[in-house]
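I opened this entry to look at how two chains meet. I wanted the interface first, then the core.

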2 protein chains.
Amino acid sequence: MTNIQNRGIHSPDLPEVASRMPEDETLYELADLFRVFGDSTRIKILCSLSASDLCVADIAALLGMNQSAISHQLRVLKQARLVRVTRRGRSSIYGLDDDHVRTIFEQGFRHVRHIAPGSGEEEAHG
Amino acid sequence: MTNIQNRGIHSPDLPEVASRMPEDETLYELADLFRVFGDSTRIKILCSLSASDLCVADIAALLGMNQSAISHQLRVLKQARLVRVTRRGRSSIYGLDDDHVRTIFEQGFRHVRHIAPGSGEEEAHG
DNA sequence: ATGATATATGAATATATGCTCATATATTCA
DNA sequence: TGAATATATGAGCATATATTCATATATCAT
């Protein structure tokens, strides 16, 4: 029989899918958030801070990078509300802003390690 | 010899932090993973696919973008193992690869909803 | 005040990346 | 077979971005 397999819109679910899409603004914010995680320097910084609050010089020393680069990236992280900063004398002490950061981080970790979420214990890097 | 407040390494935890840092390779993979989430087009694609498996043309129609752009991004998502593809006739049906994707995605959602909108500097969306 | 230390920031640059266009590949149907 | 449809891909361009360098700002010690 002349069964029409594919013409125009292919999935009958498409209107349903469209109706379930969040606001564009929300999706942009989401992409912005993940983009901040999507750089190895920032990942290393977040990973360090998940272990302990640290000043800029310590982070730079830990990562073997220059102070300016770290400071620039800390600004990005701060603007994204992923880290908070407290002035302490001459130093700025940075720390993770909240536990969402840790959670997102660890989910990504599980993914790259191919470990099922919510399964057994895992080395806490934070 | 007066009291030395800060010289060289500032945090006594620094060696401990260093010892807890994962392998560089792992951190690069983690950044690579998040970078894939860090684009609004790919986020929209993932969001669509979290509702239903879809062919390329449907995704393009849904997002109002041209087929080539979507295809290029689907390749990125496939290489990152965030989506899987099944050939069905002339169409390629894409779907989320596993539930990690959904979980990471939803954690991000919680974060952006948790942050008070408009309370910080924001960049242009891309 | 001066000098030393710690961090922040603007400009410049090199690289990365997303999109478009044109085209190639793959599949279905007449 | 050839036409039509669906997707994939390479090249080129425009934009974004991560780093470095130089320098500004802020704090502490003398």
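This is a predicted model: local features need pLDDT of at least 70, side-chain atom pairs count only at pLDDT 80 or more; totals for chains, interfaces and linings use all residues.

**Interface extent.** I looked up the contacts first. I found 64 residues of chain A in contact with 65 residues of chain B. Interface size is often quoted as the accessible area lost when the parts come together, so I looked that up next. Chains A and B bury about 5500 Å² between them. Carbon and sulfur atoms account for 68% of that area.

The rule finds two salt bridges across the A–B interface. One that I looked up joins the side chains of Asp24(A) and Lys44(B), at 3.3 Å from N to O.

**Who supplies the surface.** On the side of chain A that touches chain B, several elements supply at least two residues each, including H1 (14-20), H3 (40-51) and H6 (99-113). H2(A) gives the largest share, 13 residues. By type, I noted 33 nonpolar, 17 polar and 14 charged residues on that side.

**Core.** I ended with the largest nonpolar core, which has 65 residues. Phe37, Leu46 and Leu82, in chain A and in chain B, touch the most other members. I followed Leu46(B). Leaving out residues up to four places away in sequence, its contacts include Phe37(B), Leu82(B), Leu96(B) and Phe105(B).

Key. Residues are numbered from 1 along each chain as its sequence is written. Chains are lettered from A and ligands numbered from 1 in the order in which they are written. Side-chain values use heavy atoms; hydrogens and water are left out. Contact means heavy atoms within 4.5 Å. Buried area is the accessible area (1.4 Å probe) that two parts lose on being put together, summed over both. A salt bridge is a side-chain nitrogen of Lys or Arg within 4 Å of a carboxyl oxygen of Asp or Glu. Helices (H or I, at least four residues) and strands (E, at least two) are DSSP runs, numbered from the N terminus. Ala, Val, Leu, Ile, Met, Phe, Trp, Tyr, Cys and Pro count as nonpolar, Asp, Glu, Lys and Arg as charged, and the others, Gly among them, as polar. A nonpolar core is a set of buried Ala, Val, Leu, Ile, Met, Phe, Trp, Tyr and Cys residues joined through side-chain atoms within 4.5 Å. Buried means under 20% relative accessible area, exposed over 50%, partly exposed in between (1.4 Å probe, protein chains only).
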